[in-house]
Amino acid sequence: MKWSEYATIAQQSLEKFYRAETEEQFLNNFYPSEDLKKDNEVFNYWWLAHLVEVRLDGYLRTKKQEDLQIAEDTYSHNKNRNGGTLIHDFYDDMLWNALAAFRLYKATEKQVYLADAMLVWQDLVDTGWNDTMGGGFAWRRPQMYYKNTPVNAPFIILSCWLYNEHQEQKYLDWALKTYEWQTKVLVREDGFVEDGINRLEDGKIDLEWQFTYNQGVYIGANLELYRITKDDYYLQAANQTAKIALQELTSNDVFKEEGSGGDEGLFKGIFYRYFTDLIEETANDSFRDFVTQSCRILVDNAMIDNYLLMGMNWAEKPHGKIPYSAELSGMIALEMVAKLES
C-alpha cells in the first residue's frame, strides 16, 4: 500500500473514532470514552489548529475541493468556539492557529485568513514580549514571566511568512530578534532545544521537559530564516537540531513516549511537519529513512479493522484512553511521508 493510501485511511480514522454527537463538540477528546461530559470538559483550542493543518495537508495531496472545505470548516468551528477570534490567553495556542490561518490563506487567497494571522502577530508584539529573562515572548497572559520555545519558535516562523508576503522589514527584524533570544537562552551548544525558562520564577530551565515539538519548531524557524537570508548558518543549525533530536529522543526507530497527558500526543506530529520540510530542503537520506521506518512501525501497530488508531507510543498497540491529539500526530506523520513519496 502506498503512503498516500495510509494517509487517506488516517484522515478517515479520525472521524471513525473521535467524531462527536454534537456539532459544538465536533470531536470527542478521547477514545474510548465512558464519560463524555467529563472527558470533553476541556476545549482543546490548539489541537484543532493542527487538525486544520493536517486537513489542509490532505487537500494538497488529493487536490479535492471537499478536502479543502473540511479544513476551512474546521478552522471556522475553532475560531467561532473561541468567541469569533484567534485571540486567547495562551500565546502559543494563538500562534498554532495563526500558522494554520496563514496556510489557509496561501491555499485559498481569502484575505480573512491573512488578517487573522496578522492580528495574532501584532497582538504578540504589542503584549507578549518583555525583558524578564532578557527578553522573549511569554507563554500566556497571566504568566508573563515564563518564556518557552512553543511560543518563540512559531513566532519566528510566522514572522518569516509575513515578511515573505509583505516584504516589510519589521517582520524580519522581529524574527531575528526572537531567534537571537531563543537560541541564546533555550538552545544547547549541541543544538538540542529546551522547553522553557522561569516557569517557577526561579530563573531555571525545565531540563527534564525534553519534547519533540520544540526541536521541530526550531528546525522550522531556522529553515525560514535560511530561505530568506541564504545564510548557511541557519541550515546547519536546523540539521544539528534534527540530528541531536533523533539521537536523544528515539528508541528502536521511533520517538519515545513523551507523557501520559493529552497535549503530549501531538508533539511528534509537529516535529514530523518541520523535519519533513528539512528533508525536502536537504535530501538527507538518513532522515528520510527514519521517517519511513517510524511510519511503518506506526501503521503496523495502529491498523484495526482497516482503520488506524494511533496511540501515544508508536512502538506498541494502542491501549487505554487515547486522546485525539495522538491520532493527529499519526495523521501528520503519514501526510508527511506521503509527501516525501510523491
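**Close-up 1. Helices α4 and α6 cross in a left-handed manner.** A crossing is left-handed if the near helix is turned anticlockwise from the far one by less than a right angle, and right-handed if clockwise. Helices here are DSSP runs (H or I, at least four residues), strands are DSSP runs too (E, at least two), and both are numbered from the N terminus. This is a predicted model, in which local features need pLDDT of at least 70 and side-chain atom pairs count only at pLDDT 80 or more, while totals for chains, interfaces and linings use all residues. Residues are numbered from 1 along each chain as its sequence is written, and side-chain values use heavy atoms, with hydrogens and water left out.

Two packed helices are described by the angle between their axes and the distance between the axes. The axes of α4 and α6 come within 13 Å and cross at roughly 45 degrees. Axes are lines fitted to C-alpha atoms, for helices over the stretch in contact, and angles run from 0 to 180 degrees between N-to-C directions. The two helices, α4 and α6, are therefore oblique to each other. Angles under 35 degrees count as roughly parallel, over 145 as roughly antiparallel, 65 to 115 as roughly perpendicular and the rest as oblique. From α4, Glu72, Tyr75 and Lys79 make the contact; from α6, Val112, Tyr113 and Asp116 do. Contact means heavy atoms within 4.5 Å. By class, this contact of α4 with α6 has 3 nonpolar, no polar and 3 charged residues. Ala, Val, Leu, Ile, Met, Phe, Trp, Tyr, Cys and Pro count as nonpolar, Asp, Glu, Lys and Arg as charged, and the others, Gly among them, as polar.

**Close-up 2. Glutamate 72 sits in helix α4 (residues 65-81).** Glutamate 72 is buried, with a relative accessible area of 6%. Buried means under 20% relative accessible area, exposed over 50%, and partly exposed in between (1.4 Å probe, protein chains only). The side chains of glutamate 72 and lysine 110 are joined by a polar contact of 2.8 Å. A polar contact is a pair of N or O atoms within 3.5 Å; within protein, one must be able to donate a hydrogen and the other to accept it, and residues adjacent in sequence count only if both atoms are side-chain atoms. Beyond its neighbours within four places in sequence, glutamate 72 is in contact with Leu104, Thr108, Lys110 and Tyr113.

**Close-up 3. Aspartate 123 lies in helix α6.** Aspartate 123 counts as buried, at 15% relative accessibility. Leaving aside neighbours within four places in sequence, aspartate 123 is in contact with Ile87, Tyr91, Met94, Gly128 and Arg141.

**Close-up 4. Glutamine 143 is in strand β3 (residues 143-148).** Glutamine 143 counts as buried, at 8% relative accessibility. Its side chain is joined to that of arginine 140 by a polar contact of 2.9 Å. Not counting residues up to four places away in sequence, glutamine 143 touches Ala138 and Arg199. Glutamine 143 and asparagine 164 are 21 residues apart in sequence and 31 Å apart in space, C-alpha to C-alpha.

**Close-up 5. Helices α1 (residues 3-18) and α13 (residues 324-341) have axes that come within 8 Å.** These axes cross at roughly 160 degrees. That makes α1 roughly antiparallel to α13. The crossing of α1 and α13 is left-handed. Among the residues that meet are Trp3, Tyr6 and Phe17 in α1, and Tyr324, Met331 and Glu341 in α13. The residues of the contact of α1 with α13 divide into 12 nonpolar, 3 polar and 3 charged.

**Close-up 6. Helices α8 (residues 169-186) and α9 (residues 212-229) pack with their axes 11 Å apart.** Their packing angle is about 135 degrees. That makes α8 oblique to α9. The crossing of α8 and α9 is left-handed. In α8, Leu172, Ala175, Leu176, Tyr179, Gln182 and Thr183 meet Tyr218, Asn222, Leu225 and Ile228 in α9. By class, the contact of α8 with α9 has 7 nonpolar, 3 polar and no charged residues.

Close-up 7. A cis peptide bond joins tyrosine 31 and proline 32, with omega about -10 degrees. Proline 32 lies in the loop between β1 (30-31) and α2 (36-39). Methionine 133 is not a glycine, yet has a positive phi of about 60 degrees. Methionine 133 is in the loop between α6 (111-127) and β2 (138-140), and counts as partly exposed at 28% relative accessibility. Glutamine 167, also a residue other than glycine, has a positive phi near 55 degrees. Glutamine 167 is in the loop between α7 (149-166) and α8, and is exposed, with a relative accessible area of 52%.
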